[in-house]
Amino acid sequence: DYLTKAKEPDIDVDISQQRGAIDDNEQDQTAAVTTISGEVLNPVYYRDDDARVKKWTKTYNELKAYLENGGTWSNLNKRNFALGQWVSVQRTTYKSGKLLTTRKQKLDEIGFLYSSEVEFNTMCNELKAFIQKFGHSHITPVEKYKRLCNFVSYQRSDYRNGTISAERVAKLEKIGISWKSAVVIKWDTRYEELKKYKEEHGHTNAPRSHPFLGDWIHNQRQLYRLGTLSTTREAKLNRLGFLWDGKDFTCTGQMDDEARSHFFASGCKTR
């Protein structure tokens, strides 16, 4: 059984080398392939049914699809560990000068990056161009900028988790990255607006009809009830005396007379 013999560990290296010579040089495609143990394999049969070749091609297609869907090299191990390990093997094989020419050609077709630092620097250059053009680093995941959006998102995540190197932080900050996403900035902006609202009205229960705070306050209460509001945000809102149930009359007991009158005058009702 030629295929079974081709999988044996003691002949793998020699077969790979001979297959590489056939693939790279495109010479006698019908010449016999001889294993270390002296056994002869039919190269045509071997090439057509080699499970390793099929597996390599399958994984290559997975990587191609990942990149086409906006995936980034820097986050590959987190998104798909097995695929990330496969990429590492290709890079190592390339550096050792053992990557088959035919495989390198296929990898080049999808823009394969043979170094993780090359990928980081490439994305940094794209981010720099984006910031120069638009004046900020808040990128929406539209088709044109999907990969760049993902890259920036992963850098922010690594920054929050303390898993990004000081060198990369310095480089990104020099470019002008904002470590806060647009969503975080929006929350902080609304929080500051709520503080001003309380200073003016004596409470934090802006009516649902309020053009900016109405829906935002409603969303914070929803997240709180679902248990998905971060403890940091919950603490900040508590410091303002935030009403977690705006319809609860007992909450108004914490207000002075002037604040209570504002509460009802703003359209809020009790149960």
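W56 and Y60 stand four residues apart in helix α4 (residues 51-68), so about one helical turn separates them. In this predicted model, their ring centres lie 5.5 Å apart with the planes at 10°, and the pair is therefore stacked, since planes under 30 degrees apart count as stacked. W56 is buried, and Y60 is buried as well. Together with W86, these two residues form one aromatic cluster.

**The aromatic cluster**

- W56 also forms an aromatic pair with W86, with 5.5 Å from centre to centre and 55° between the planes, and this pair is tilted.
- W56 belongs to helix α4 and W86 to helix α6 (residues 81-95), so their pairing ties together parts that are 30 residues apart in sequence.
- Like W56, W86 is buried.
- Counted by ring centres within 6.5 Å, the aromatic pairs come to 13.

**Helices α4 and α6**

- The axes of α4 and α6 come within 11 Å of each other and cross at roughly 110°.
- These two helices are therefore roughly perpendicular, a description that covers angles of 65 to 115 degrees.
- On the α4 side, the contact is made by W56, T59, Y60, E62, L63 and Y66.
- On the α6 side, the contributing residues are L83, W86, V87 and Q90.

- With a relative accessibility of 12%, Y66 counts as buried, because the cut-off is under 20%.
- Leaving aside residues up to four places away in sequence, Y66 touches G71, T72, N75, L76, R79 and L83.
- The C-alpha atoms of Y66 and N80 are 9.5 Å apart in space, while the two residues are 14 residues apart in sequence.

**Helix α8 and its two partners**

- Two packed helices are described by the angle between their axes and the distance between the axes.
- Helix α8 (residues 116-134) packs against helix α10 (residues 166-175) at an angle of about 20°, and their axes are 9 Å apart.
- This angle makes α8 roughly parallel to α10, as it falls under 35 degrees.
- The crossing of α8 past α10 is right-handed.
- From α8, the residues in contact with α10 are S116, E117, F120, N121, C124, L127, K128 and I131.
- From α10, the residues in contact with α8 are R168, K171, L172 and I175.
- Helix α8 also packs against helix α9 (residues 146-161), at an angle of about 105° and with 10 Å between the axes.
- α8 and α9 are therefore roughly perpendicular to each other.
- E119, F120, M123, C124, E126, L127 and F130 of α8 make this contact with R147, L148, F151, V152 and Q155 of α9.
- F120, C124 and L127 are among the α8 residues in contact with α10, and they are also among those in contact with α9.

**Charges over rings**

- The charged end of R168 sits over the ring of F120, at 4.1 Å from the ring centre.
- R168 of α10 and F120 of α8 are also among the residues through which these two helices make contact.
- In a further case, the charged end of K236 sits over the ring of Y191, at 4.5 Å from the ring centre.

Terms used. Residues are numbered from 1 along each chain as its sequence is written. This is a predicted model: local features need pLDDT of at least 70, side-chain atom pairs count only at pLDDT 80 or more; totals for chains, interfaces and linings use all residues. Side-chain values use heavy atoms; hydrogens and water are left out. Rings of Phe, Tyr and Trp (its six-membered ring) pair if their centres lie within 6.5 Å; planes under 30 degrees apart count as stacked, over 60 as edge-to-face and the rest as tilted. Buried means under 20% relative accessible area, exposed over 50%, partly exposed in between (1.4 Å probe, protein chains only). A charge sits over a ring if NZ of Lys or CZ of Arg is within 6 Å of the ring centre and within 35 degrees of the ring normal. Axes are lines fitted to C-alpha atoms, for helices over the stretch in contact, and angles run from 0 to 180 degrees between N-to-C directions. Angles under 35 degrees count as roughly parallel, over 145 as roughly antiparallel, 65 to 115 as roughly perpendicular and the rest as oblique. A crossing is left-handed if the near helix is turned anticlockwise from the far one by less than a right angle, and right-handed if clockwise. Contact means heavy atoms within 4.5 Å.
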